[in-house]
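Open the model in your viewer and keep the selection tool at hand. The stops below follow one another, each with something to select and something to look for.

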Amino acid sequence: MAEPVEPEIEAARLTYRRKLARVFEMIIEQGIRDSEFPAQDVQASAACIVGSLFEGVVGPLASDSLSTDVERQNPAKSIAGFCLRGVSGRIESLPLDDLRGQA
């Protein structure tokens, strides 16, 4: 996601990131309405989640050094927990297993 590419590919990346951020904005907005998340700048929070996912999950998962399922799942769970703590304002994470059915 960070390598230099042709302008058309970079435009597609940007479009994809914006669409993904919009999905997270809707989730955060719903969480605020349901009093699961505190009031916050929804666009900024969504952008931070997208950045965290691409930098913290996609990069390491693309590495050949992660050979087992557990090694591939651990970074993803850590980043998901980080993002949930960020938008929920809670020190403890919401259960990640609950998110599997929502993806």
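Select Cys83 to begin: this residue is buried, with a relative accessible area of 10%. Buried means under 20% relative accessible area, exposed means over 50%, and partly exposed lies in between, using a 1.4 Å probe and protein chains only. The model is predicted, so local features need pLDDT of at least 70 and side-chain atom pairs count only at pLDDT 80 or more, while totals for chains, interfaces and linings use all residues. Residues are numbered from 1 along each chain as its sequence is written, and side-chain values use heavy atoms, with hydrogens and water left out.

Where is the cysteine sulfur closest to that of Cys83? The sulfur sits in Cys48, 8.7 Å away, which is too far for a bond. A disulfide is a pair of cysteine sulfur atoms within 2.5 Å, and a search of the whole structure finds zero of them. Cys48 accordingly is in no disulfide. Select Cys48 next: with a relative accessible area of 52%, Cys48 is exposed.

Now select helix 3, residues 69-88, and go to Ser88 within it. Helices are DSSP runs of H or I with at least four residues, and strands are runs of E with at least two, numbered from the N terminus. Is Ser88 buried or exposed? Its relative accessible area is 7%, so Ser88 is buried. A polar atom of the Ser88 side chain lies 2.7 Å from the backbone oxygen of Leu84, and a polar atom of that side chain lies 3.1 Å from the backbone nitrogen of Arg90. Contact means heavy atoms within 4.5 Å; leaving aside neighbours within four places in sequence, Ser88 is in contact with Glu36, Phe37 and Pro38.

Next, select Phe24, Ile28, Ala46, Ile49, Val50 and Val87, which touch the most other members of the 13-residue largest nonpolar core. Such a core is a set of buried Ala, Val, Leu, Ile, Met, Phe, Trp, Tyr and Cys residues joined through side-chain atoms within 4.5 Å. Helix 1 (7-33), helix 2 (42-62) and helix 3 each give two or more residues to this core. Helix 2 supplies the largest share, six residues.

Finish on helix 1, where the buried residues include Arg13, Glu25 and Gly31. Just after helix 1, Ser35 takes a positive phi of about 60 degrees.

Terms used:
A polar contact is a pair of N or O atoms within 3.5 Å; within protein, one must be able to donate a hydrogen and the other to accept it, and residues adjacent in sequence count only if both atoms are side-chain atoms.
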